[in-house]
Amino acid sequence: MSIKHLHKASFFLSDKDKVKCLLCPKECLIVNGNTGVCGVRKNIDGILYSLVYAKPVAIHVDPIEKKPLFHFYPGSDILSIGTYGCNLSCQFCQNFDISQADSSKIETSGNELTPEELIKICKKNNLEFLAFTYNEPVIFFEYMLDIAKLCKNEKIKTVMVSNGQINPKPLLELIPYIDAFNIDLKSFNDSFYKNICNGKLETTINTIRTIAEHKKHIEVTFLLIKDYNDNLKEFTELCKFLKSLNPEIVLHISRAFPRYKLDMKTTPIELLNSFKETALRYLKNVYTGNV
Ligand code: SF4
């Protein structure tokens, strides 16, 4: 990919030929010619570039309930896009084929689709909603923000489906342009985040709190994995945390299927239902998913 086709990234510091990316809590220090952990932000001669700007590799029209969002314009269709790459590496990733793609795929990925062209697709198909989803949208921040700004002018509502692993400054820049969020809260145990996902629980907690404080629509997804994040005491703490923000926050407890690297079993329905019962003691809107 030639440099003239690349989009300069936001949120980085340069020190000679090294750059430090400040978009997410990984804060990768990247030497010339390399990418950060997400694989899609590359240092070229001391400047950080996005390799996935205007390069979606997944684009579909889905029911909005599939995001999942159950309390935000139910019954609507939503144009949904994603690129390659992710800033986590969850061993149970349900979309690992695009989130964990290797660099040779990323550098030659997809046909170009500019923000303006995406808006045209929405208009042509009478679509009033657009979602950033499938992989982690944080890592295509610049593309997402440019699209979301155009959507505001065109009265198209935007949705971000995210793991919440983003630094506070970029999050605050993004929030005014996103109408609804679904944030994955994968566990209430930092060791799970660290050892199974390569992430930080505290960051996702702060992201959820910030979005709620800004009074944006937010729903939370908890993917229940038997023997890994099914500690009822921790899950009760998770529910109490959400209740402390707003007891009306929607919680989706999703069934997990064996994918990618984790030696796991499909979540039993009885386990899902018992977690739903627990959650309903604290929250008004609780659903089971993938059943
Ligand atoms: S967005 Fe990517 S390059 Fe930037 S800090 Fe996070 S993982 Fe590293």
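Predicted model: local features only at pLDDT ≥ 70, side-chain atom pairs only at ≥ 80, totals over all residues.
The protein chain splits into domain 1, residues 3-50, and domain 2, residues 58-289. Their C-alpha centres sit 24 Å apart. Where the two touch, domain 1 brings 18 residues and domain 2 brings 22 residues.

How much area is buried between domain 1 and domain 2? It comes to about 1500 Å², and carbon and sulfur atoms give 55% of that. On the domain 1 side, F11, L23 and P25 lose the most area to domain 2, and together they make up 36% of what that side buries.

One salt bridge is found across the interface of domain 1 and domain 2, along with eight residue pairs in polar contact. As for the strands on the domain 1 side, β1 (7-8) and β5 (41-44) each supply at least two of the residues that touch domain 2.

**A closer look at helix α6**

Now over to α6, which covers residues 190-197. Which of its residues are buried? They are F192, Y193, I196 and C197. Looking down the axis of α6, these buried residues fall within an arc of 105°, so they line one face of the helix. Turn to the other side of α6 and you'll find K194 and N195, both exposed. The buried residues have cover from β11 (180-184) and α7 (201-213), among others.

At the start of α6, a side-chain oxygen of N189 comes to within 2.7 Å of the backbone nitrogen of S191. After α6 comes N198, whose phi is positive, near 65°.

**A loop residue: K155**

Finally, take K155, which belongs to the loop between α4 (141-154) and β10 (157-162). Is K155 buried or exposed? Its relative accessibility is 70%, so K155 counts as exposed. K155 and F129 are 26 residues apart in sequence, and their C-alpha atoms are 8.9 Å apart in space.

**Some distances side by side**

| Pair | Distance |
|---|---|
| N189 side-chain oxygen and S191 backbone nitrogen | within 2.7 Å |
| K155 and F129, C-alpha to C-alpha | 8.9 Å |
| Domain 1 and domain 2, C-alpha centres | 24 Å |

Definitions and conventions. Residues numbered from 1 in each chain as written. Heavy atoms only, no water. Buried < 20%, exposed > 50% of the residue type's maximum accessible area, 1.4 Å probe, protein only. Helix = DSSP H or I, 4+ residues; strand = E, 2+ residues; numbered from the N terminus. Arc of directions from axis to C-beta. Contact = heavy atoms within 4.5 Å. Polar contact = N/O pair within 3.5 Å; in protein donor to acceptor, adjacent residues only side chain to side chain. Domains from an automatic or database assignment. Buried area = accessible area lost by both parts, 1.4 Å probe. Salt bridge = Lys/Arg side-chain N within 4 Å of Asp/Glu carboxyl O.
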